[in-house]
Amino acid sequence: QSQLIDKQLTGLQGSMDQLGGVKETKIGAAREEYELGLGQLGMKTGQTMQTIQQQYESAIGKGKGLATAGGAERYKSLSLGSTRNVYTSQREGLMGQLGKVLGGVEEWYAGEQARLGSEKTRLQYEKRMQQQKLGRGLFG
């Protein structure tokens with residue numbers, strides 16, 4: 001039975017050794033997801049700003065007089081400001097989501113460390129008990 005405990009301890013140590021790598025993989029996946037979301041957001045924002053610019057140029061081209069140019073300029077300014085605000089808000093949302101995921105990874109990691117450490121302690125205790133039984137059997 002002592003050999004079985006030794007095998008379990010060896011397997012447990014292997015799991016503990018791999019835990020850091022799994023954590024890094026999870027963090028890498030979360031960062032990639034964030035960067036992908038940020039890239040998509042940037043693309044959408046760029047397209048929106050381009051559309052606003054085209055609408056502005058179209059309004060100026062069709063318009064006659066300063067009143068139309070002023071109205072188009074105001075529309076452009078308000079639209080670009082709104083687009084920037086939306087971009088900032090959505091970027092902050094992505095950052096918040098990344099923070100939650102990273103927090104979850106840290107929580108998982110700490111939990112796994114505790115679980116594996118507890119299992120290691122239990123197995124070491126069992127091994128000591130086995131060794132004491134064997135010692136009493138030989139000398140008792």
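This report describes the helices and salt bridges of one predicted model. Residues are numbered from 1 along each chain as its sequence is written. Because the model is predicted, local features need pLDDT of at least 70 and side-chain atom pairs count only at pLDDT 80 or more, while totals for chains, interfaces and linings use all residues; side-chain values use heavy atoms, with hydrogens and water left out.

**Helix 1**

Helices here are DSSP runs (H or I, at least four residues), numbered from the N terminus. Helix 1 covers residues 2-62. Its 61 residues should span 90 Å at 1.5 Å a residue, and the end C-alpha atoms are 89 Å apart, which agrees; the expected span is 1.5 Å times one less than the number of residues. Helix 1 also has a kink of about 30°, centred on Gln18. The bend at a residue is the angle between axes fitted to the seven residues ending there and the seven starting there.

**Salt bridges**

Side chains of opposite charge can pair when their charged atoms come close. A salt bridge is counted when a side-chain nitrogen of Lys or Arg lies within 4 Å of a carboxyl oxygen of Asp or Glu. By this rule the model has 5 salt bridges.

Lys127 lies in helix 2 (residues 66-139) and Asp6 in helix 1, so the pair ties together parts that are 121 residues apart in sequence. Lys127 is partly exposed at 22% relative accessibility, and Asp6 is partly exposed at 29%.

**Pairs within helix 2**

An α-helix has 3.6 residues a turn, so residues three or four places apart point the same way. Glu112 and Arg115 both lie in helix 2, 3 residues apart, about one turn of the helix. Glu112 counts as buried because its relative accessibility is 19%, whereas Arg115 is partly exposed at 46%.

Glu126 and Arg122 are 4 residues apart in helix 2, and about one helical turn therefore separates them. Glu126 is partly exposed, with a relative accessible area of 28%, and Arg122 is partly exposed at 36%. Salt bridges that share partners join Glu119, Arg122 and Glu126 into one network.

How values were computed
Helix = DSSP H or I, 4+ residues; strand = E, 2+ residues; numbered from the N terminus. Buried < 20%, exposed > 50% of the residue type's maximum accessible area, 1.4 Å probe, protein only.
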